[in-house]
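Subject: Structure for you to look at, with notes

Dear colleague,

I am handing over the structure we talked about, and my notes on it follow directly below. Please read them with the model open beside you.

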Amino acid sequence: MTEDPRLGTTLAGYRIESLIGRGGMGTVYLAEHLGLQRKVALKVMSADLAGDARFRERFVRESRLAASIEDPNIVPIHEAGESDGVLFIAMRYVRGTDLERLLQDHGPLGPDRTVAILSQVASALDAAHEEGLIHRDIKPANILLAPGGATHPDKVYLSDFGLTKRASSDSGLTATGQFVGTLDYAAPEQFEGGALTPQTDVYSLGCVLFECLTGRAPFPRDREAAVLHAHLMEPPPKVTDARPDLPAGIDAVVARAMEKHLRTAFPRPATSPRRPGPRCARRRNRRPAPTRRGVVGSPSRRLVDSSP
Ligand SMILES: Nc1ncnc2c1ncn2[C@@H]1O[C@H](COP(=O)(O)OP(=O)(O)OP(=O)(O)O)[C@@H](O)[C@H]1O
Ligand SMILES: [Mg+2]
């Protein structure tokens, strides 16, 4: 395998030391901020995205918003910007693993560990939704896990807010109407082209909950079209079909998170019980909007900087 040519080079004041991993949108490196001598995870977006004007525009907007949210379960963003035409985002280096790898290595998790992990993700989403930021790509790979304390084995950091290839569009679709990325956790409105709301993230979180407990995505199908159809038309699967040892109440939790009719144009019948909104929706607007952190340097180069 040829060595990554970025290794050993410096980008925007960060020396790139080693490869952490590659995703659908770019490459994540362990890097050191030379000025602060601080280790960071440096995500370098792929060249095709850097050339997509709508993606760049949203990248700037969403990175600023994400950097302004201080939450113990959201990966702190130190800086996002562009250097020599390369879009990058520098964030806290989370030493550990991610939920996708954990599930691959260990298979399904027990209910206690699942709840301990996903309640931290839900808390991060609450904070983001309160500030009007929708994640758009809740999936196990974006849930980073560091070793926790004695009571919680996992300390969760949610990453990649707004950072999806779909970010060049306001809906879940690209400009050419295609869906990009995994379909496994996507809410119906993300391929229907509907407006995305906090409930979009809650739907995806329901999918992740299902996978944590069963070890498989909610609608495993051979063809992508069949996965898409299932998200649109099929009822949420039951965890207890795969895990009869678990209480039936868990099926209701998944079903509620993955409810489809909430996002359709059809109103609920007047006789149906009032559904309390997700915690995130109920708490929205309780806190005043945060002040933005400093945007330093030339706007085209230093888009966001929250360094001290
Ligand atoms: N802040 C971080 N600290 C440590 N490791 C990270 C950090 N951010 C990402 N990683 C790791 O880098 C690898 C690549 O992440 P990346 O986000 O690029 O991939 P992905 O989530 O699979 O795809 P996508 O491009 O859709 O986000 C993963 O193994 C992930 O765990
Ligand atoms: Mg990611």
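In this predicted model, ligand 1 is surrounded by 21 residues, of which Gly 21, Gly 23, Val 28, Ala 41 and Ala 141 are the closest. Sorted by class, the shell around ligand 1 holds ten nonpolar, seven polar and four charged residues. At least two residues of this shell come from each of the strands β2 (14–22), β3 (26–33) and β6 (86–92), and β2 gives the most, with three residues. Because domain 1 (10–92) and domain 2 (97–305) both give residues to the shell, ligand 1 lies between them.

As for the chain as a whole, the protein has ten helices and ten strands, and buried residues make up 37% of its 308 residues. Among the contacts with a separation of 6 or more, 62% are accounted for by residues 24 or more positions apart.

The largest nonpolar core has 61 residues, and Leu 42, Val 121, Leu 205 and Leu 209 are those with the most contacts inside it. Helix α6 (residues 198–214) gives the most to this core, with nine residues, and the core draws at least three residues from each of domain 1 (10–92) and domain 2 (97–305). If residues up to four places away in sequence are left out, Leu 42 touches Tyr 14, Ile 16, Tyr 29, Ala 31, Phe 88 and Ala 90.

Helix α6 also packs with helix α9 (residues 249–257), at an angle of about 150° and with the axes 7 Å apart. On the α6 side the residues are Val 202, Tyr 203, Leu 205, Gly 206, Leu 209, Phe 210 and Leu 213, and they meet Ile 250, Val 253, Val 254 and Ala 257 in α9. This contact of α6 with α9 has ten nonpolar residues, one polar residue and no charged residues.

Two further residues sit in helices. Not counting residues up to four places away in sequence, Leu 102 touches Thr 97 and Leu 145, while Leu 102 and Ala 141, which are 39 residues apart in sequence, are 9.6 Å apart in space, C-alpha to C-alpha. Met 233, in helix α7 (residues 224–233), is exposed, with 9 other C-beta atoms within 10 Å, and its C-alpha is 8.9 Å from that of Pro 188, although Met 233 and Pro 188 are 45 residues apart in sequence.

Most residues other than glycine have a negative phi. Asp 84, however, has a positive phi of about 50°, and it lies in the loop between β5 (77–83) and β6. Asp 160 has a positive phi of about 65° and is found in the loop between β9 (154–158) and α5 (188–192). Which of these is buried and which is exposed? Asp 84 is exposed, since 7 other C-beta atoms lie within 10 Å, whereas Asp 160 counts as buried, with 24 C-beta neighbours inside 10 Å.

With best wishes

Note on methods. Residues numbered from 1 in each chain as written. Chains lettered and ligands numbered in written order. Predicted model: local features only at pLDDT ≥ 70, side-chain atom pairs only at ≥ 80, totals over all residues. Near = placed C-beta within 6 Å. Helix = DSSP H or I, 4+ residues; strand = E, 2+ residues; numbered from the N terminus. Nonpolar A, V, L, I, M, F, W, Y, C, P; charged D, E, K, R; others polar. Domains from an automatic or database assignment. Core = buried A, V, L, I, M, F, W, Y, C linked by C-beta atoms within 7 Å. Buried ≥ 20, exposed ≤ 12 C-beta atoms within 10 Å, placed from the backbone. Contact = placed C-beta atoms within 7 Å. Axes fitted to C-alpha atoms, helices over the stretch in contact; angles between N-to-C directions.
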